Amino acid sequence: MVRYQFQQVVYDAHLNGEDILLCAPTGSGKTRASVAPALEGFWADKIGRTYQNAPRMIFVAPLKTLVGAQYDTIKKAYLDKSGERDLWEREWKPSIQTGDDPDDPLFERKIILATVDQLLASFLNIPYGISRRLDNINVGAMLGSYLIFDELHLYPYDQMMLTVLAMLKMLKGISRFTLMTATLSQPLVDAIAKELDMRVIGNHDNPQLFDDVPSLTQQRTWHAHDEELAAEQVLYHHKNKTLCICNTVDRAQNLYEAVKKAYAENCDDVEIMLLHSRFTKKHRKEKENRLLGLDG
């Protein structure tokens, strides 16, 4: 199930009983590294092998969009291992627990993907969508589970991140956990690892750890310009795929209309998409699925 040397290091550390703080670049395969021990354990249970493993895996992300994307990543990792498509739904019963997809409000499934606010609300005995007489059930679901926190650097430091770290300190020795980040500063990484007695795995101490990850060998060139991004610049620089990022919805809408008009005048058959926070849930989901389904 593991492909690269850093994933093997994570796998071995987990089996050695260590909690892990994984610092790896974007696109390197952090998700596969973190879930591999759990999925291997679930599969071992199925075929009767002895394997010490948490009974439940809870994968936590800061955004609903990331939860959906990671569900697909984890599903592919499992199917690569087992080849048994039916088992994914029949045996493991994976669920998504977000505001948009409240599939498992009591955290009963074997594999759960949730937003961090859903997990924290449950841990604090104020879960969403559950009656007050049941509000302490979800805490029990976390005891003994394997908790994975993705994109730790996106958690607001003085609110969500500190609450997560306080929760993990209480669960230390009761539940297993892995934290993942691409850009958290090294002093903060060291402080978290010391406070929670975690093993840090990253290229700070081992620069060669990611040498065999193909996606990290690509060269990227950045150019900075003082003027505002315009449709003419997009047309001039576009080759295969172009991503235009604007700091307001209005700017994104205006640039989208200008680019669409410019390409229509040039008779180019180019798919142009607009994504922002003002779309309805249904339309936003359709656009997100389309983007996630694009190759490369």
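Leaving aside neighbours within four places in sequence, glutamate 228 is in contact with Gln233 and Arg251. Glutamate 228 sits in the loop that runs from strand S7 (199–201) to helix H9 (231–237), and its relative accessible area of 57% makes it exposed. The model is a predicted one. Its chain holds 11 helices and seven strands, and 41% of its 296 residues count as buried. Among contacts in the chain with a separation of 6 or more, 64% are between residues 24 or more positions apart.

**Nonpolar cores**

- The largest nonpolar core has 32 residues, and the members that touch the most others are Phe149, Leu168, Leu179 and Ile192.
- Helix H7 (residues 157–171) gives the most to this core, namely six residues.
- Another core, of 28 residues, lies apart from the largest one, and its members include Phe6, Ala61, Phe210 and Val213.

**Serine 28**

- Serine 28 belongs to the loop between strand S1 (20–23) and helix H2 (30–47).
- Serine 28 counts as buried because its relative accessibility is 1%, against a cut-off of under 20%.
- Its side chain reaches the backbone oxygen of proline 25 at 2.7 Å.
- Not counting residues up to four places away in sequence, serine 28 touches Tyr4, Phe6, Gln7, Val213, Ser215 and Leu216.

**Cysteines**

- Zero disulfides are found in a search of the whole structure.
- Cysteine 246 takes part in no disulfide, and the nearest cysteine sulfur, which belongs to cysteine 244, is 6.7 Å away; a disulfide would need the two sulfur atoms within 2.5 Å.
- Cysteine 246 is partly exposed because its relative accessibility is 24%, which falls between the limits of 20% and 50%.
- Cysteine 23, by contrast, has a relative accessible area of 15% and is therefore buried.

- The C-alpha atoms of threonine 98 and lysine 64 are separated by 6.5 Å, although the two residues are 34 residues apart along the chain.
- Threonine 98 is part of the loop between strand S3 (95–97) and strand S4 (111–115), and at 2% relative accessibility it counts as buried.

**Positive phi in loops**

- Most residues other than glycine have a negative phi.
- Phenylalanine 107 has a phi near 55 degrees, a positive value in a residue other than glycine.
- Phenylalanine 107 lies in the loop between S3 and S4 and counts as buried because its relative accessibility is 1%.
- Glutamate 151 likewise has a positive phi, near 55 degrees, and is a residue other than glycine.
- Glutamate 151 is placed in the loop between strand S5 (146–149) and H7, and its relative accessible area of 17% makes it buried.

**Histidine 276**

- Histidine 276 lies in the loop between helix H10 (249–266) and H11.
- Histidine 276 counts as buried because its relative accessibility is 11%.
- The side chains of histidine 276 and glutamine 253 are joined by a polar contact of 3.5 Å.
- A polar atom of the histidine 276 side chain also lies 3.0 Å from the backbone nitrogen of arginine 278.
- Not counting residues up to four places away in sequence, histidine 276 touches Val249, Gln253 and Arg284.

Methods:
Residues numbered from 1 in each chain as written. Predicted model: local features only at pLDDT ≥ 70, side-chain atom pairs only at ≥ 80, totals over all residues. Heavy atoms only, no water. Core = buried A, V, L, I, M, F, W, Y, C linked by side-chain atoms within 4.5 Å. Buried < 20%, exposed > 50% of the residue type's maximum accessible area, 1.4 Å probe, protein only. Helix = DSSP H or I, 4+ residues; strand = E, 2+ residues; numbered from the N terminus. Polar contact = N/O pair within 3.5 Å; in protein donor to acceptor, adjacent residues only side chain to side chain. Contact = heavy atoms within 4.5 Å.
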